[in-house]
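Here is a short report on a two-chain model.

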Amino acid sequence: MGKSIVITSGKGGVGKTTTSANLGTALALMDKKVCLIDLDIGLRNLDVVLGLDNRIIYDIVDVAQGRAKLHQALIKDKRFDDKLFLLPAAQNTDKSALEPEEVKKIVEELRPDFDYILLDCPAGIEQGFMNAVAGADQAIVVSTPEISSVRDADRVVGLLEQKDLKEAPMLIINRIKKHMVNDGDMMDVDEITRHLSIKLLGIVFDDEDVISSSNKGEPVVLNEKSAAGQGYRNIARRLEGETVPLMSLKEQKKKGLFEKVTEWFKRK
Amino acid sequence: MANEAISLKGHKDGYEIVLRSAAKFSDIEQELKQLLDHLYKDNSKFDADQVDFKIQTGNWLLSADEKKKIEDIFANYPLFSIHRIKADVILKDDAAAIIEKNMIHANADIIRNGQIKTIDGDVLFMGTVHEGGILQATGNVYLLGKAEGIVSAGFPDNNSAVIVGDVTHAQQVRIADLVTIFDDEVQPDESKPVVFVNDLHKLAYLRMDELKKLRPKIYAKFGGF
C-alpha cells in the first residue's frame with residue numbers, strides 16, 4: 001500500500017512543484033513506483049517541469065467528473081520504465097471544480113498500485129489546499145530561508161496539525177544560499193527548524209542548474225553534479241528510512257595560484 | 001395541612017414562599033393561587049402598596065416552563081411581584097463553567113501564525129506563541145514559555161487581569177481593551193515582568209515583588225504564605 005504525501009508551503013514560488021518533480025524522480029530512481037498528482041488547477045506546471053506537457057489527454061477533473069478512467073489520465077514517464085506517473089491538473093477550470101472527497105477517492109484508487117503518491121499543492125490555504133490535504137497521510141512543508149516564507153509555513157503547519165494527518169508534518173528548506181548564510185544575511189537552518197518546531201527532512205541549496213534543467217523538462221536530480229540534485233536525492237533516501245547526514249554549509253573556496261603552490265610544498 | 005405544597009414565611013427583609021420540591025407542580029400552582037387570593041383580599045396586613053416575594057425551591061431547579069407558569073400566576077395580582085426565584089442547587093454545566101473560570105489551566109501548545117488560543121480562566125502557559133499567533137485568556141496569563149506573538153489577558157473586558165512573565169519577545173500585549181505594540185521605540189522592561197492596567201486605565205509594568213501588593217488575591221489562590 002502506498003503512502004500519500006502532500007507537498008505544500010502556503011507561500012507561492014518557494015519550490016513546491018520543483019520539489020514534487022525532483023522528489024518523485026529521485027524515488028523512481030530508487031526503484032519505487034511513484035505517482036505525482038498536480039492539484040494546481042488552472043495553473044498547472046508540474047507536467048512542464050517533468051517534460052510531459054505534450055502528452056496530456058485527460059486530467060484530474062476529467063477523472064473526478066467521470067469523463068475519463070483514472071488509468072487513461074495517468075501519464076507514464078518513459079525515462080523510468082513504469083516507475084513514474086503523473087496525473088495532470090486541468091487548465092480550463094478553477095480550483096472549485098474539485099472536491100476534497102474526490103481527491104481522496106482518487107488517492108485511494110491509486111494506493112494499491114504505487115509506493116508513493118505525491119500531491120503537489122497550489123499556493124494559498126483555500127480550496128486547493130483543502131483538496132490536496134484531504135488525500136494525504138503526511139505533509140512536507142517547503143520553505144525558503146526568508147521571513148515571509150517561514151511565517152506562511154508556520155501558518156500552514158498550524159492548519160495541518162488541525163487536520164490530524166496520520167503523521168506529523170516535515171520540513172524542507174529550499175533555496176539556501178551558502179554564502180549568505182555564512183555571512184549571517186540569511187536565516188540559518190537551525191533557526192528555521194527550531195522556530196517551526198517540526199522535523200527537518202532536508203535542505204536544498206540554491207542552484208542555477210534547477211532553472212536550466214526545469215526549462216529542459218529534466219528534473220535536476222538527474223544531474224549528478226548538481227548540489228540541489230544531491231539535496232533531493234538525500235531527501236528521498238531519508239523518506240525511505242535511511243540515515244543521511246545533512247549537506248555541509250561550508251563553502252569550498254576556489255584556491256588561488258599562491259595557495260596551490262604553498263600546498264604543493266606542504267605535501268613534501 | 002401537613003403535606004402542603006407551599007409555605008409562606010416572613011423575614012426581616014420580606015416574604016418568602018417555599019415550594020416543596022416533592023410536591024406535584026399542579027398542587028403547587030393551585031395552592032399558590034389560593035394563598036395569593038387569600039392575601040390579596042386581606043391586604044390590610046401589608047403596610048406597603050407593593051409586595052415582593054422571594055421564591056425558594058430548595059433542591060429543585062424550576063424549568064423555564066414552570067417559571068413562566070408561576071410568573072403568570074403572579075401577573076394576576078398587580079400588588080404582588082416576584083423578587084427572585086432561588087434554588088440551593090445549580091446545573092452541572094454551570095458548576096463546571098464556574099470551576100473552569102476559577103481554575104489555572106496549564107497549557108503547552110504551540111500557537112502558530114494565524115491561530116488564536118482562547119482559554120476560559122487563568123492560564124499557566126508553557127508552550128510557544130509564534131509570531132502572528134494569539135494567546136488569549138479571560139483571566140490572568142502566567143508565562144513560562146516563549147511568547148513571540150500576541151499575549152492577551154482579561155479578554156474581552158476584565159481590567160483586573162495581569163500578565164506575568166517574559167514578554168520581551170512578544171509583538172503585543174493586551175489586557176481587556178488596552179493594547180501595547182512593541183517595536184523599536186516601545187520595548188518591555190525585562191526587570192518588570194508584570195503587566196497590569198493602572199488607575200489611569202493604561203498598561204503599566206511592575207517588578208515581580210510588587211505583584212503581591214497589587215493583586216493579593218492571586219497569592220491567596222496559589223496558596224502559601
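## Across the interface

Glu131(B) is buried, at a relative accessible area of 17%. Buried means under 20% relative accessible area, exposed means over 50%, and partly exposed is in between, with a 1.4 Å probe and protein chains only. This is a predicted model, in which local features need pLDDT of at least 70 and side-chain atom pairs count only at pLDDT 80 or more, while totals for chains, interfaces and linings use all residues. Residues are numbered from 1 along each chain as its sequence is written, chains are lettered from A and ligands numbered from 1 in the order in which they are written, and side-chain values use heavy atoms, with hydrogens and water left out.

What does Glu131(B) meet in a salt bridge? The partner is the side chain of Arg151(A), at 3.8 Å from N to O. A salt bridge here is a side-chain nitrogen of Lys or Arg within 4 Å of a carboxyl oxygen of Asp or Glu. Side chains of opposite charge can pair when their charged atoms come close. Arg151(A) is partly exposed, at 24% relative accessibility.

The structure holds 19 salt bridges over all chains. The pair of Arg151(A) and Glu131(B) crosses between chains. Arg151(A) sits in helix H7 of chain A. Glu131(B) sits in the loop between strand S9 (128-129) and strand S10 (134-137) of chain B. Helices (H or I, at least four residues) and strands (E, at least two) are DSSP runs, numbered from the N terminus.

Now the contact as a whole. Chain A puts 13 residues in contact with 9 residues of chain B. Contact means heavy atoms within 4.5 Å. The two chains bury about 890 Å² between them, with 35% of it on carbon and sulfur atoms. Buried area is the accessible area (1.4 Å probe) that two parts lose on being put together, summed over both.

Between chain A and chain B there are 3 salt bridges. The count of residue pairs in polar contact between these chains, both at pLDDT 80 or more, is 9. A polar contact is a pair of N or O atoms within 3.5 Å; within protein, one must be able to donate a hydrogen and the other to accept it, and residues adjacent in sequence count only if both atoms are side-chain atoms.

Which helices of chain A each supply at least two residues of the side that touches chain B? They are H7 (147-163) and H9 (189-196). H7(A) gives the largest share of that side, 9 residues. By class, the side of chain A that touches chain B has 4 nonpolar, 4 polar and 5 charged residues. Ala, Val, Leu, Ile, Met, Phe, Trp, Tyr, Cys and Pro count as nonpolar, Asp, Glu, Lys and Arg as charged, and the others, Gly among them, as polar.

## Other salt bridges

Two further pairs are tabulated here.

| Salt bridge | N to O distance |
|---|---|
| Arg237(A) and Glu242(A) | 2.9 Å |
| Lys117(B) and Asp109(B) | 3.1 Å |

Arg237(A) is partly exposed, at 32% relative accessible area. Glu242(A) is partly exposed too, at 38%. In chain B, Lys117(B) is partly exposed at 27%, and Asp109(B) is partly exposed at 31%. A network of salt bridges links Glu108(A), Arg111(A), Asp137(A) and Lys166(A).

## Aromatic rings

The whole structure has 6 aromatic pairs over all chains. Rings of Phe, Tyr and Trp (its six-membered ring) pair if their centres lie within 6.5 Å; planes under 30 degrees apart count as stacked, over 60 as edge-to-face and the rest as tilted.

Phe85(A) and Phe114(A) are edge-to-face, 5.5 Å centre to centre with 80 degrees between the planes. Phe85(A) lies in strand S4 (residues 84-87) of chain A, and Phe114(A) in the loop between helix H5 (100-110) and strand S5 (116-120), so the pair ties together parts 29 residues apart in sequence. Both residues are buried.

Phe53(B) and Phe80(B) have ring centres 5.3 Å apart and planes at 85 degrees, so this pair is edge-to-face. Phe53(B) is in strand S3 (residues 51-56) of chain B and Phe80(B) in strand S4 (residues 80-86) of chain B, so the pair ties together parts 27 residues apart in sequence. Phe53(B) and Phe80(B) are both buried.

## Leu214(B)

Leu214(B) lies in helix H4 (residues 211-214) of chain B. Leu214(B) is partly exposed, at 24% relative accessible area. Beyond its neighbours within four places in sequence, Leu214(B) is in contact with Val162(B), Phe196(B) and Leu206(B).
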